[in-house]
Amino acid sequence: MRKWNFCAGPAVISEEVLSEVRDELLEWGDSGMSIMEMSHRSKIYDGVATEAKQDFIDILKVPDSHDVLFLQGGATHQFSMVPLNFSEPNSQADYVLSGSWSKKAISEASILTQVQTIASSEDKKFTYAPNVDLWNISSDVSYVHYCPNETIQGVAIHNAPEVNAPLIADMSSVILSEPIDVSKFSLIYAGAQKNIGPAGLTMVIISKDFMDRENKNLPNILRYSKHAESDSMLNTPPTFSWYMAGKVFKWIKTSGGLEFFKEQNHKKASTLYNYIDNSSFYSNPVRIENRSIMNVPFILADNNLDSLFLEESEKIGLLNLKGHRSVGGMRASIYNAMPLEGVNELVDFMKIFEAKYG
Ligand SMILES: *Cc1c(COP(=O)(O)O)cnc(C)c1O
């Protein structure tokens, strides 16, 4: 029986999508084979891949100035691919430090280029995000990198900042949760396993003008333009993940697009935050304007009750609520595929637990 899965990633996928995939698993259409047994150069697969890309472009309203790539290697690979391509020898790359993932991005980029951390919230254990007005952007900077949604700390920078430099964002845990203005970004990347589909696929949205500036002295596999020229089929792509991502894009489209999910996601997040804020038993340490709508960490007044909380929640079908080891406590990841019903059941459980032990 399927239960409510609050895992941060790989994460919940819509049951509608999974059922469709199950129905098509042995034979795609009347092709005589499963989609995962099919050549990525076949006509059928090309149709599936092209449609997925178009649906992604449609739902995010990706402008013609930008290209969309289906890559591998996860967001972690982008931590190095970005500086390999876009850091210039005599300039620096500016990074905003707002949580564990931007910290990793900084650490990887530092191996390859001169990195300047232009704003940081590490002083308060990443319980807020550095105010955009205080980002101290250098004049000859190659690009500015930030993470709009820190998956581990549940800290978000909700509005894309206006900066006078190419803006790059790690949107792994927030992409497709609400509409964004893609034109503000030179490059966006996101691993698929949070809000899109199975692991193995990494989405990249890149401005074509920006792509022209890439480092030409790299192997093809590390060059964005080589992936773009070959429609992300420079080598064998993760065909099954791409196909499933396409199903998710279609599901988003037919559900009402990103406006619908924005409303849903805000409703889910405020249901949970409101309850937490009104309780003296649970708390969330993040500054209100920086709270994530996708990942909601919370701590219990008495951490001796943590394991009991996890044991009892699991028993009634609320799974993967354990917080990241670096933060402790609990975390509920409530991506697009988690319905309001799941969040309501979580809140109901939290009330009962509080009444029993609080
Ligand atoms: C999960 C995550 C990553 C790491 O993704 P991988 O695909 O495992 O490399 C990076 N950044 C953010 C914001 C994430 O949520």
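This is a predicted model: local features need pLDDT of at least 70, side-chain atom pairs count only at pLDDT 80 or more; totals for chains, interfaces and linings use all residues.
1. Helix pair. Two packed helices are described by the angle between their axes and the distance between the axes. Here the pair is α3, residues 74-86, and α4, residues 100-112. Their axes come within 8 Å and cross at roughly 40°, which makes α3 oblique to α4. The crossing of α3 past α4 is right-handed.

2. Residues between the helices. On the α3 side, the contact is made by Phe 79, Ser 80, Pro 83 and Leu 84. On the α4 side, these meet Trp 101, Lys 104, Ala 105, Glu 108, Ala 109 and Leu 112. Sorted by class, the contact of α3 with α4 holds seven nonpolar, one polar and two charged residues.

3. Ligand. There are 13 residues around the ligand, and those that come nearest are Thr 76, Thr 151, Asp 170, Gln 193 and Lys 194. An N or O atom in the side chain of Thr 76 is 2.5 Å from an oxygen atom of the ligand. For Lys 194, an N or O atom of the side chain is 2.6 Å from a ligand oxygen atom. For Gln 193, a polar side-chain atom is 2.9 Å from an oxygen atom of the ligand.

4. Backbone. Most residues other than glycine have a negative phi, and most peptide bonds are trans. Two places deserve a look with that in mind. The peptide bond from Gly 9 to Pro 10 is cis, with omega near -10°, and Pro 10 sits in the loop between β1 and α1. Lys 125, a residue other than glycine, has a positive phi, near 55°. Lys 125 belongs to the loop between β4 and β5.

How values were computed: Residues are numbered from 1 along each chain as its sequence is written. Side-chain values use heavy atoms; hydrogens and water are left out. Axes are lines fitted to C-alpha atoms, for helices over the stretch in contact, and angles run from 0 to 180 degrees between N-to-C directions. Helices (H or I, at least four residues) and strands (E, at least two) are DSSP runs, numbered from the N terminus. Angles under 35 degrees count as roughly parallel, over 145 as roughly antiparallel, 65 to 115 as roughly perpendicular and the rest as oblique. A crossing is left-handed if the near helix is turned anticlockwise from the far one by less than a right angle, and right-handed if clockwise. Contact means heavy atoms within 4.5 Å. Ala, Val, Leu, Ile, Met, Phe, Trp, Tyr, Cys and Pro count as nonpolar, Asp, Glu, Lys and Arg as charged, and the others, Gly among them, as polar. A residue is near a molecule or strand if one of its heavy atoms lies within 4 Å of it. A polar contact is a pair of N or O atoms within 3.5 Å; within protein, one must be able to donate a hydrogen and the other to accept it, and residues adjacent in sequence count only if both atoms are side-chain atoms.
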